[in-house]
Every structure is written in structure tokens, then in C-alpha cells.
There are 2 protein chains.
Amino acid sequence: MAHEITVKNKDAMRTRMELMILKVQADFCKSLQEFDDKEFIVDKWAGKRGSGGVSCIIQNGTVFEKAAILTSVVHGHLSDNAAERLKKRRSDIRGTIIQYFAAGLSVVIHPRNPMIPTFHCNFRYFEIIDEHDKRYWWFGGGVDLTPYYLDVDDVKYFHKTLKYACDTYNPKFYPEFKQQCDRYFYIEHRHERRGVGGIFFDDLDCLGPQGTFEFVKTCAQSIIPCYSAVVKKHLTDAYGYAERQWQLLRRGRYAEFNLIYDRGTKFGLNTPESRVESVLASLPLEARWDYKHSPLPGSKEAELIKVLVKPKDWVTDED
Amino acid sequence: MAHEITVKNKDAMRTRMELMILKVQADFCKSLQEFDDKEFIVDKWAGKRGSGGVSCIIQNGTVFEKAAILTSVVHGHLSDNAAERLKKRRSDIRGTIIQYFAAGLSVVIHPRNPMIPTFHCNFRYFEIIDEHDKRYWWFGGGVDLTPYYLDVDDVKYFHKTLKYACDTYNPKFYPEFKQQCDRYFYIEHRHERRGVGGIFFDDLDCLGPQGTFEFVKTCAQSIIPCYSAVVKKHLTDAYGYAERQWQLLRRGRYAEFNLIYDRGTKFGLNTPESRVESVLASLPLEARWDYKHSPLPGSKEAELIKVLVKPKDWVTDED
């Protein structure tokens with residue numbers, strides 16, 4: 001359910017969100033920079049009517065093949081397509097949508113070493129204003145991990161971190177958002193997920209403006225030390241040609257998900273106020289598609305596929 | 001305009017089309033096989049209710065990094081999505097669509113040498129049967145060339161071959177289908193086309209069943225010697241690391257087009273009777289995405305971009 005904004009200063013949340021994502025962006029960059037000899041380039045861009053963003057990128061780094069930590073604040077008019085899709089999802093929005101506002105953080109880290117998983121998170125605040133000047137607002141977010149080789153301890157640690165962040169606000173959040181994540185990151189035509197999941201939520205407002213904001217902030221902040229620890233653990237793991245090829249093939253699947261299914265990519269490509277370089281920064285530096293590739297039964301690669309096909313409960317499962 | 005089938009044997013065209021595409025597939029394979037030490041693997045597949053196809057693939061060949069020459073015959077029930085999209089495009093189709101039939105040839109050749117362009121063509125025959133047992137039929141097709149480095153002579157030769165094939169049937173075809181091709185292979189979010197075009201047509205029936213079939217056959221047959229000549233010409237052209245990287249970047253754009261915009265890919269991924277490995281065989285073996293890549297002004301790479309942004313008239317332009 002969307003709510004009208006009742007705070008006195010209707011722009012207060014826009015500002016708070018923008019400051020928060022800029023802080024998390026800086027913290028994330030600082031944390032990852034410790035691993036890589038190559039420095040983040042900081043690319044500020046400004047679009048039309050005050051839309052703009054900051055893109056922090058490492059490409060061809062020693063540890064990170066491609067890392068994109070992006071913030072953006074865009075506002076303007078939804079395309080007919082985007083408005084139609086939105087109203088289909090949210091029947092509570094009435095009248096003609098005349099303006100939208102979106103502030104978000106988007107992180108995708110593609111490490112070079114196939115033993116380090118790819119990481120993604122996105123947190124966003126959204127406002128819609130209809131023809132009667134009525135405002136609707138909500139938060140959305142997603143955090144998910146895409147390993148190339150399964151390290152059960154990593155995955156459990158990752159999920160437990162997210163559960164802990166969720167439980168502080170509502171014990172129903174983690175199980176629900178975990179399930180939503182497994183549903184969302186599903187590559188339908190491959191009958192598999194793109195990774196081992198995490199959490200995914202959208203249209204969230206049930207804790208009120210301040211509470212929902214705090215929840216999103218907690219998720220964003222708690223994920224930085226967690227992913228950094230996973231990177232550190234596998235920093236010097238050995239790998240060879242075969243592991244690299246498998247990683248590239250899985251990155252092809254990642255690109256398939258982002259280009260075919262991802263709602264954020266669709267929104268970005270259909271929104272004149274956004275910027276294509278930022279929207280597609282999530283794509284890997286390299287990817288491959290082999291015809292009819294199938295991992296050998298019993299191999300490490302086949303072991304990964306099993307959990308992509310059938311998601312596990314990483315928090316309580318003891319096997 | 002779609003037409004009802006008036007021939008006595010309503011299945012005659014299905015059979016003729018299937019035989020034709022199998023012949024063109026064999027001819028194409030034979031023609032390309034001469035260049036490569038690696039042999040085409042021939043992969044026959046059978047789906048549900050008599051759908052099936054033949055996939056001829058070279059992967060990691062000496063000349064062809066990935067070559068996919070596919071035929072398929074699928075029939076069944078359109079998904080709600082696919083039926084909705086089709087009826088939006090063709091207002092003449094009334095009533096509930098209860099069955100479809102599609103027979104097609106699909107060719108994508110990604111050569112290893114960046115001086116040899118990527119080639120694609122697709123020819124298909126489509127039938128729809130509505131709830132009143134009324135049949136609609138049409139042909140569709142597309143042929144286009146995607147160079148990494150511009151060789152004007154190649155592109156002119158390619159377009160002139162297509163014009164010659166078209167002119168035999170109707171002098172209006174080439175200019176119209178050339179324009180449709182430039183419109184179709186447009187990567188909207190990049191504001192550029194994926195290549196130097198060719199021809200594209202859909203819902204074609206204006207020559208009657210036999211005439212339209214003959215036209216499609218002529219196009220399919222005339223393109224084989226043309227592309228073979230282009231391959232032969234550049235077979236031993238020199239290239240280095242930089243040219244390979246540029247080729248991989250452009251292949252990323254190719255993957256973007258196929259996964260985001262291509263109607264055939266969408267149809268394939270949404271159709272239970274098709275096979276994902278065949279649908280996605282068009283994707284390159286390797287691709288890359290660089291953040292904010294832009295060719296140096298005046299470079300060979302920038303020269304290519306110019307004609308992708310603003311299509312040229314390759315047949316009459318004398319510059």
C-alpha cells in the first residue's frame with residue numbers, strides 16, 4: 001500500500017535518502033579500495049531538469065574486473081510504458097501520473113577471481129505525484145550474491161547478515177524478502193536463478209517513512225563489511241583457465257538476466273532522465289555463451305547449478 | 001494483410017517451406033565448411049507434439065568463432081503474451097487464436113577475424129488458425145551485416161546482392177525493406193544500429209503463396225555466395241589485440257540487441273515449443289562491456305559508428 005506523505009516538509013525524505021546513499025557509496029568505495037591497486041574513478045553526470053548522479057567505477061582492476069557503485073537522483077515524467085507497468089503493479093495509484101522522483105544506490109561488483117562471488121545491491125526511494133497533486137511514496141531494495149563456486153559458509157554468513165538486519169525491524173521480513181528474492185532473480189528460460197539470492201523487497205512503506213528509511217539504511221550499511229570479508233577470504237585463492245571459462249559463462253547468464261528481466265534496467269532504458277552508461281554499468285566486463293554447455297555430473301560446477309535450480313534455506317539448513 | 005489459404009492442400013506450403021530451409025541450411029553449411037578446419041556439429045532435437053529442428057554449429061573454429069545455422073518447425077498454442085503482441089501488430093486477425101505453425105531458417109555467423117563481418121539472416125513461414133478454423137499465413141525475413149571495421153566495397157556488394165534479389169520480384173521491395181531493416185535493427189538506448197543493415201520484411205503475402213515463397217527462396221539462396229565471398233576476401237587480414245577488443249565490445253552491443261529488442265528471441269523465449277539453446281545460439285561466444293567506451297575521433301572505429309548512427313544509401317551513394 002502506498003501512502004501519501006504527511007511530513008511537513010515534503011522534500012525532507014528526498015534529501016535524507018540522497019545523503020544516506022552518498023554516504024553508503026563513499027563507505028563502500030573506501031572498503032573495496034583497500035583490495036585494489038587501481039583507484040575508483042568518480043564520474044559525476046548531470047541530466048536534464050536537475051537529474052544526475054555519481055558513478056564510481058573500477059575497470060580492469062587487480063581484484064575487481066569491474067566494480068560499479070552508483071548513486072542517482074532522477075525526476076521527470078514517466079514514459080507511457082513505464083506508467084502503465086507501474087499502475088498494473090499498484091492498483092492504489094489513481095489518476096494520471098504527472099511526475100516521479102527516484103533516488104537510488106546501485107552496486108555491482110564483478111571480481112576477477114572466480115572464487116570471489118559477484119555482488120549486487122540496490123536501494124531506492126520512489127515518489128509519484130498524480131494530477132491532483134497527491135503523492136505516493138515507497139522504498140525498494142535488493143541484495144544478492146552470485147558465486148561461481150559454492151562456498152556454503154560464505155552463503156550462510158551472507159544470508160545471516162541480512163536476516164539479522166531484517167529481524168531488528170520485523171521478524172517476518174527476512175523469510176518474506178528471501179522468498180521474493182528467489183522469485184525475482186529467476187532466469188525463466190534457463191529454469192535457474194542467477195545466484196544464491198539474498199533479499200528483495202519493493203513497494204515497502206509498512207514501517208512509516210522514518211522507520212522504512214531506517215530499515216533500508218541498516219541493510220545498506222550491514223552489507224559492506226559482510227561482502228568485504230568474503231572478498232578478503234578468497235583474495236588469493238588459486239584458479240585456472242577452466243574456472244575462468246566457467247565464470248565467463250555464468251556472467252553471460254548474469255547479462256541475460258539484467259537485459260531481459262531486470263526491472264531496474266527496463267526502467268532505466270525507458271526513462272529519458274536516466275543515463276545508459278549508468279544503467280548498463282552492471283554488465284560484466286567479459287561474458288561468454290557456449291552452445292549447449294552443461295557441467296559434468298558431480299563437478300563443482302554442477303554443485304552450484306543444483307542450488308540455483310532449487311534454492312535452499314541458508315539460515316536453518318544444517319546439511 | 002493476411003490471407004486465408006486457398007490452395008487445395010493446406011499443408012503443401014508447410015512442407016515446401018520445410019524442404020526449402022533444409023536445403024538452404026545444407027548449402028550454407030557446405031559453403032562455410034570450406035573455410036574452417038573444425039566441422040559443423042549437427043544437432044537434431046525434437047520437442048513436444050512434433051515440434052523440432054536441426055542445429056548446425058561450429059564453436060571455437062579456426063575461422064568461425066561461433067556459427068549457428070538452424071532450422072526449426074514448431075507448432076502449438078501461443079502464450080497469452082505472444083498472442084496479444086501478435087494481435088496488436090495485425091488487426092486483421094479476429095477471434096481467439098488457437099494454433100500456430102512456424103517454420104524457419106536462422107543463421108548467425110560470428111567469425112574470429114574482426115575484419116570479417118558478422119552475418120545474420122532469418123526466413124520464416126507463419127500460420128495462425130483461429131477458433132473458427134480460419135487460417136492466416138505470411139512470410140517474414142531479414143538479412144543484415146555487422147562489420148567491426150568498415151569495408152565500403154563489402155557493404156555495397158552485400159546491399160546490391162539483396163537489391164538484385166528483390167528487384168526480380170518487385171522494384172519497390174528493396175528500398176522499402178532496406179528502410180525497415182534500418183528501423184528494426186536499431187539499438188534505441190545506444191542511438192545506433194547494430195550493423196549496416198540489409199533487408200527486413202514481415203507479414204509478407206502480396207505475391208500470393210507461391211510468389212512470396214519464391215521471393216524468400218531467392219533471397220536465401222543469393223546470400224550464401226555473397227557472404228562466402230566476403231569471408232574469403234578477409235580470411236588472412238591482419239589484426240591485433242586492439243581490433244579484437246573492439247570486436248568484443250561490438251559483440252556486447254549485438255547481445256544487447258538480441259536480448260532486449262529482437263522479436264524472434266522474444267518469441268522463442270516465450271514459446272514452450274521452442275528450445276532455449278537454439279533461440280540463444282545467436283549470441284556471440286565472447287562479448288565485453290566497457291564503461292563509457294568511446295572510439296577516438298578520426299579512428300577506424302569512429303568511422304564505423306558514423307554509419308551505424310546515420311544509415312547510408314549503399315546502392316546509389318557514390319562517395
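Predicted model: local features only at pLDDT ≥ 70, side-chain atom pairs only at ≥ 80, totals over all residues.
Visitor: In what order do the strands of the open sheet in chain B come?
Guide: The order in chain B is β1-β2-β3-β4-β5-β6-β9, seven strands in an open sheet with antiparallel pairing. Strands here are DSSP runs (E, at least two residues) and helices are too (H or I, at least four), numbered from the N terminus. Two strands count as paired if DSSP finds at least two bridges between them.

Visitor: How many bridges link β5 and β6 of chain B?
Guide: Twelve, between β5 (residues 118-130) and β6 (residues 135-146), in the antiparallel sense. In that pairing H120(B) stands opposite D144(B) of β6(B).

Visitor: And which strands does helix α1 of chain B lie across?
Guide: Helix α1 (residues 12-33) lies across β2, β3 (64-76), β4 (97-111), β5 and β6 of chain B, at about 170° to β3(B). Helix α5 (residues 208-234) of chain B packs on the sheet too, touching β3, β4, β5, β6 and β9, and its direction makes about 15° with that of β6(B). Contact here means heavy atoms within 4.5 Å.

Visitor: OK, chain A. What is its strand order?
Guide: Chain A has an open sheet of seven strands, β1-β2-β3-β4-β5-β6-β9, paired antiparallel. Six bridges join β1(A) to β2 (residues 52-59) of chain A, with K44(A) opposite V54(A) in β2(A).

Visitor: What rotation puts chain B on chain A?
Guide: A rotation of 180°, with 0.0 Å of shift along its axis and an RMSD of 0.0 Å. The two copies are thus related as by a two-fold rotation axis. The superposition is by least squares on C-alpha atoms of residues with pLDDT of at least 70 in both.

Visitor: How many residues does each chain put into the contact?
Guide: Chain B gives 29 residues and chain A gives 29 residues. The copies meet through the same surface, because 100% of the interface residues of chain B are also interface residues in chain A.

Visitor: What area is buried there?
Guide: About 2800 Å², with carbon and sulfur atoms giving 56%. That's accessible area (1.4 Å probe) lost on putting the two parts together, summed over both. In chain B, E277(B), W289(B) and Y291(B) lose the most to chain A, together 30% of what that side buries.

Visitor: How many salt bridges cross the interface?
Guide: Six between chain B and chain A, where a salt bridge is a side-chain nitrogen of Lys or Arg within 4 Å of a carboxyl oxygen of Asp or Glu. One of them joins D43(B) to K292(A), with the closest N and O atoms 2.8 Å apart.

Visitor: Which element gives the largest share of chain B's side?
Guide: That's α6(B), with four residues on the side that touches chain A.

Conventions
Residues numbered from 1 in each chain as written. Chains lettered and ligands numbered in written order. Heavy atoms only, no water. Axes fitted to C-alpha atoms, helices over the stretch in contact; angles between N-to-C directions.
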